[in-house]
Amino acid sequence: MHVIRTAFIILGLLFFVSFQAALAGPAKFAFQGQIVKDNGQALEANSVQFKIEILSPSPSLCVLYEESHTINMT
């Protein structure tokens, strides 16, 4: 009886840990797109600045994460 109870406790803990890992978000994500002018041609410039922000879902729009990059697009 004691062995069965211990086995159920171990299985429950394993299920809980795997369930928590499934609920966690991805470690990273990829985003891609195109930058074009109004006429549809690709933007070509030697110094284009990108700023990426992740905002909180609350009405106050708190910045949770921010990064900036300057890229040569010629």
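Biologist: What pLDDT does the chain average?
Modeller: The model is predicted, so confidence comes first. Of the residues, 85% score at least 70. The chain averages a pLDDT of 81.

Biologist: Which element of the chain has the lowest mean pLDDT?
Modeller: Strand E2, residues 63-71, has the highest mean, at 91. Where pLDDT is low, the predicted coordinates should not be read in detail. The lowest mean, 72, belongs to H1.

Biologist: Is Ile-4 buried, partly exposed or exposed?
Modeller: Ile-4 sits in helix H1, which spans residues 2-23. Its relative accessibility is 49%. Exposed would need over 50%, and buried under 20%. Ile-4 therefore counts as partly exposed.

Biologist: Which residues make the nonpolar surface patch of about 550 Å²?
Modeller: Ile-4 is one of them. A patch residue needs over 30% relative accessible area, and Ile-4 has 49%. The patch is made by Ile-4, Phe-8, Ile-10, Leu-11 and Leu-14.

Biologist: How many salt bridges does the count come to?
Modeller: Side chains of opposite charge can pair when their charged atoms come close. The cut-off here is 4 Å from nitrogen to carboxyl oxygen. Glu-53 and Lys-51 meet at 3.4 Å. Glu-66 and Lys-51 meet at 3.3 Å. The count comes to two.

Biologist: How many residues apart are Glu-66 and Lys-51?
Modeller: Their side chains meet in a salt bridge. Glu-66 is in strand E2, and Lys-51 is in strand E1, residues 48-55. The pair links distant parts of the chain, and the separation is 15 residues.

Biologist: Which residues do the salt bridges join into one network?
Modeller: Lys-51 pairs with Glu-66. Lys-51 also pairs with Glu-53. Salt bridges that share partners give one network: Lys-51, Glu-53 and Glu-66.

Biologist: Is Ser-56 buried or exposed?
Modeller: Ser-56 lies in the loop between E1 and E2. Its relative accessible area is 11%. Under 20% is the cut-off, so Ser-56 is buried.

Biologist: Which residues does Ser-56 touch, not counting those up to four places away in sequence?
Modeller: Ser-56 is a loop residue, between E1 and E2. Contact means heavy atoms within 4.5 Å. Ser-56 touches Leu-61, Cys-62 and Leu-64.

Notes:
Residues numbered from 1 in each chain as written. Predicted model: local features only at pLDDT ≥ 70, side-chain atom pairs only at ≥ 80, totals over all residues. Heavy atoms only, no water. Patch = residues over 30% accessible without salt bridge, like charges linked within 9 Å, V, L, I, M, F, W, Y side chains within 5 Å. Areas by Shrake-Rupley, 256 points an atom, 1.4 Å probe, with all protein chains shown as cover. Helix = DSSP H or I, 4+ residues; strand = E, 2+ residues; numbered from the N terminus. Buried < 20%, exposed > 50% of the residue type's maximum accessible area, 1.4 Å probe, protein only. pLDDT = per-residue confidence, 0-100.
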